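Visitor: I would like to take a close look at a single part of this protein, and I would be glad of a careful, connected explanation.

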Amino acid sequence: MRAVKLKTEHVANPLGIDVRRPVLSWVCEGGIRQSAYRIMAEVLTKEGRKAFWDSGKVVSRAMQVRLPKEAESRRRIVWKVLLWDEKDETEGWSDEAFFETALLDPAEWKARWINPEDPVLEEAYQPASYLKKTFSLDKTGSARLYITAHGLYEAHLNGQRVGDQVLTPGTSQYDLRLQYQTYDVTDLLKEGENVLDVVIGNGWYRGSNGMTGTRNVFGKDLALLCQLEVDGIPAVISDESWLASQEGPNRSNDMQQGETYDARKEEISDWHPVKEESSREGTFDLVHLVCSDSVPIREQETFPGRWIDVPNGELVADFGQNLAGYIKIRVTAKAGDKIVLTHGETLDENGNFTVNNFQPGGRTERSLDQKITYICKDGVNEFSPSFSIFGFRYARAETDIPVEKIELTSVAVYSDMDQIGYFTCSDEEVNQLVHNALWSQKSNFVDVPTDCPTRERAGYTGDAQVYIPTALYLMDAYPVFRKWLSELRLVQ
């Protein structure tokens with residue numbers, strides 16, 4: 001018998017958690033019944049490995065154990081498991097797993113909140129804010145970027161994307177609990193001059209939320225907090241030395257309404273100073289910072305689009321799968337050429353593209369565009385949204401660009417949960433029902449369990465409480481529910 005699928009707090013090799021005594025778990029492979037286990041954990045240091053904890057042989061069938069010792073900040077702990085089966089035989093140690101703690105004491109944050117907008121235009125859908133910091137390093141080392149935002153952020157270091165998570169820092173009760181992420185950026189740094197740049201959009205923080213599309217739920221500002229450390233020492237912090245611009249290519253963005261992106265504006269030259277923000281009414285209080293301690297939101301399955309004929313002659317792409325996510329565009333065009341994509345879940349009774357089913361309760365006082373407007377630069381253009389997510393299977397395209405030059409691919413976006421439940425039988429309709437249930441979960445588990453991926457994107461309680469048994473049977477959704485329940489307790 002051997003231990004496989006080792007996880008810390010139900011997450012495989014989490015980077016940046018704030019659980020001081022996390023739960024370690026595993027799955028048995030081979031044998032019939034686990035009779036005993038041994039866990040060995042070590043701390044990685046500059047000098048090498050240092051013993052942290054050894055459980056010794058424990059006679060038990062338990063396959064999850066809470067670490068008895070507390071971990072300190074910035075510690076990477078590697079661990080492995082040895083199992084004995086019903087015959088008291090073993091096949092040897094498991095592969096190693098690890099977890100790494102982040103900043104466990106608010107005093108370890110040296111960064112300050114910075115606001116890139118001046119002034120804030122409260123009523124209009126504003127352009128995304130672009131921020132940058134140029135800095136020099138005499139030498140590199142083990143590097144971590146701790147980062148969060150009011151809004152959604154996407155970071156680049158020396159022109160390369162930091163991490164593969166999307167829609168970060170996720171949704172939260174921002175005035176009481178704000179998640180931050182930890183990234184290993186060791187390989188992105190270089191000796192000499194470096195550039196860290198971050199773009200921030202509205203997201204759940206001040207974008208459209210819920211059935212009524214309420215805006216500015218948590219605030220009217222965008223803000224950034226980040227701290228880049230090399231060998232545990234801050235090398236870059238967010239402060240008044242950063243520069244910002246609202247003259248970049250992302251001209252407007254909203255979780256529900258969509259994005260407008262002008263690729264001709266990717267070279268930004270109009271920069272201005274940022275403002276440092278002081279704590280006011282808890283909004284910028286560092287004590288509200290928490291690690292996500294959950295599975296990240298990532299791009300998942302992809303589906304190529306194919307152009308279909310519809311009775312009214314519109315240009316419509318069918319991706320073959322209803323999902324929550326966005327479309328990646330690849331198009332060869334001239335500067336100024338435009339393509340507008342409207343996302344929809346279904347065709348109407350006549351076989352034409354429709355978005356009428358999005359209107360809450362059949363009401364029409366608020367339109368839900370789910371629209372991407374992309375303005376091309378010269379040559380090959382590649383684009384996918386950074387701050388929007390849609391529920392769709394179909395997309396209507398409005399453009400003068402020849403269709404043969406447009407390549408569309410839909411990308412499913414959801415919390416990175418392992419599928420653990422499977423079912424097949426001789427009845428294909430039952431198999432399809434299970435398939436539909438699985439895809440309903442994928443389309444509605446984006447950091448929290450949501451009501452629907454089109455008009456709301458909010459973590460309502462009614463739908464999730466009914467679905468919990470199915471959710472936990474099909475996928476390892478425990479971290480998502482734990483995070484969601486933490487938010488509910490704060491609201492209550």
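Visitor: Which residues have the most contacts inside the largest nonpolar core, and how many residues does this core have?

Guide: Please keep in mind that this is a predicted model. The largest nonpolar core has 41 residues, and those with the most contacts inside it are Phe 319, Ile 327, Ile 329, Leu 341, Tyr 374, Leu 408 and Met 417. Two or more residues of this core come from each of the strands β27 (315–333), β28 (338–344), β31 (371–375), β33 (390–399) and β34, and likewise from each of the helices α2 (428–444), α3 and α4. Strand β27 gives the largest share, which is seven residues. If we turn to Tyr 374, we find that, leaving aside residues up to four places away in sequence, its contacts include Tyr 261, Ala 263, Ile 329 and Phe 383, as well as Glu 382.

Glu 382 also forms a salt bridge with Arg 330, where the closest N and O atoms are 2.8 Å apart. Because Arg 330 lies in β27 and Glu 382 in strand β32 (residues 379–383), this pair ties together parts that are 52 residues apart in sequence. Arg 330 counts as partly exposed at 36% relative accessibility, whereas Glu 382, at 56%, counts as exposed.

Helix α4, one of the contributors to the core, has buried residues that include Val 480, Phe 481, Trp 484 and Leu 488. Among the elements that cover the buried residues of α4 are β15 (178–184), β34 (406–415) and α3 (461–474).

Definitions and conventions: Residues are numbered from 1 along each chain as its sequence is written. This is a predicted model: local features need pLDDT of at least 70, side-chain atom pairs count only at pLDDT 80 or more; totals for chains, interfaces and linings use all residues. Side-chain values use heavy atoms; hydrogens and water are left out. Buried means under 20% relative accessible area, exposed over 50%, partly exposed in between (1.4 Å probe, protein chains only). Helices (H or I, at least four residues) and strands (E, at least two) are DSSP runs, numbered from the N terminus. Contact means heavy atoms within 4.5 Å. A nonpolar core is a set of buried Ala, Val, Leu, Ile, Met, Phe, Trp, Tyr and Cys residues joined through side-chain atoms within 4.5 Å. A salt bridge is a side-chain nitrogen of Lys or Arg within 4 Å of a carboxyl oxygen of Asp or Glu.
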